[in-house]
Amino acid sequence: GFRYYVVGSCESNSSKLNDIEFTLSYYYNKLEYIRFSSSVEKYVGYTEHGIKNAERWNNGPEVITSRGEKERYCFRNVGVFTESALTKS
């Protein structure tokens with residue numbers, strides 16, 4: 001069978017909230033075909049199918065929803081992520 005999955009992540013190099021980057025990657029059969037990045041604030045396609053979807057999603061409500069994910073997901077959980085990393089170092 002084929003595998004389709006989505007991975008969301010928050011990446012940061014400092015404790016400042018403005019330095020956090022949220023990425024949302026879409027995969028099909030282990031190949032990333034489209035990604036949303038909060039630093040670019042739009043979808044970017046990596047395959048022919050991904051490029052077509054990125055153009056459509058960037059002009060629709062999907063991009064507006066994804067722009068809010070940094071605040072909703074990353075900012076809310078930054079304390080949990082930081083505390084977990086500090087206790088293991």
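Mentor: We take the labels by topic, each set against its cut-off.

Mentor: This is a predicted model, where local features need pLDDT of at least 70, side-chain atom pairs count only at pLDDT 80 or more, and totals for chains, interfaces and linings use all residues. Residues are numbered from 1 along each chain as its sequence is written, and side-chain values use heavy atoms, with hydrogens and water left out.

Trainee: What makes β1, β2, β3 and β4 a sheet, and in which order do they stand?

Mentor: Strands are DSSP runs of E, at least two residues long, and helices are runs of H or I, at least four long; both are numbered from the N terminus. Two strands pair if DSSP finds at least two bridges between them. β2 and β3 have six bridges. β3 and β4 have four. Both pairings are antiparallel. The order is β1-β2-β3-β4, in an open sheet.

Trainee: Why are β1 and β4 called edges?

Mentor: Each has a single partner strand, so one side of each is left without a neighbour in the sheet. From one strand to the next, the twist averages 20 degrees. Such angles run from 0 to 180 degrees between N-to-C directions, and the axes are lines fitted to C-alpha atoms, for helices over the stretch in contact.

Trainee: What lies between the strands of each hairpin?

Mentor: Between β2 and β3 there are two residues, and N29 in that turn has a positive phi of about 55 degrees. Between β3 and β4 there are four, and E41 in that turn has a positive phi of about 60 degrees.

Trainee: Why is β3 called largely enclosed?

Mentor: Buried means under 20% relative accessible area, exposed over 50%, and partly exposed in between (1.4 Å probe, protein chains only). Five of the seven residues of β3 are buried, so the rest of the structure largely encloses this strand.

Trainee: How do you know that the buried residues of α1 line one face?

Mentor: In α1 (residues 48-58), the buried ones are G50, N53, A54 and W57. Seen down the axis, they fall within an arc of 105 degrees, so they line one face of the helix. The arc is that of the directions from the helix axis to the C-beta atoms. On the other side, E48, K52, E55 and R56 are exposed.

Trainee: What covers the buried residues of α1?

Mentor: The cover includes β2, β3, β4 and α2. Contact means heavy atoms within 4.5 Å. The helix α1 packs on the sheet, touching β2, β3 and β4, and its direction makes about 165 degrees with that of β4.

Trainee: What makes F22 and Y73 an edge-to-face pair?

Mentor: Rings of Phe, Tyr and Trp (its six-membered ring) pair if their centres lie within 6.5 Å; planes under 30 degrees apart count as stacked, over 60 as edge-to-face and the rest as tilted. F22 and Y73 are 6.3 Å apart, centre to centre, with 65 degrees between the planes. F22 lies in β2 and Y73 in α3, so the pair ties together parts 51 residues apart in sequence. F22 is buried, at 3% relative accessibility. Y73 has 30% and is partly exposed.

Trainee: Why is the pair of F36 and Y43 called tilted?

Mentor: Their planes are at 55 degrees and their centres 5.2 Å apart, so the pair is tilted. F36 is buried at 1%, and Y43 at 4%. Y43 in β4 is also the bridge partner of F36. Ring pairs link Y26, Y33, F36, Y43 and W57 into a cluster.

Trainee: How do you know that R35 and E32 form a salt bridge?

Mentor: A salt bridge is a side-chain nitrogen of Lys or Arg within 4 Å of a carboxyl oxygen of Asp or Glu. R35 and E32 come to 2.8 Å, N to O, and the label holds. R35 is partly exposed at 29%, while E32 is buried at 16%.

Trainee: What about E48 and K52: how far apart are the closest N and O atoms?

Mentor: They are 3.7 Å apart, and this is a salt bridge too. Both residues lie in α1, four residues apart, about one turn of the helix. An α-helix has 3.6 residues a turn, so residues three or four places apart point the same way.

Trainee: Which residue forms a salt bridge with R72?

Mentor: E69 does, with the closest N and O atoms 2.6 Å apart. R72 is partly exposed at 43%, and E69 is buried at 18%.
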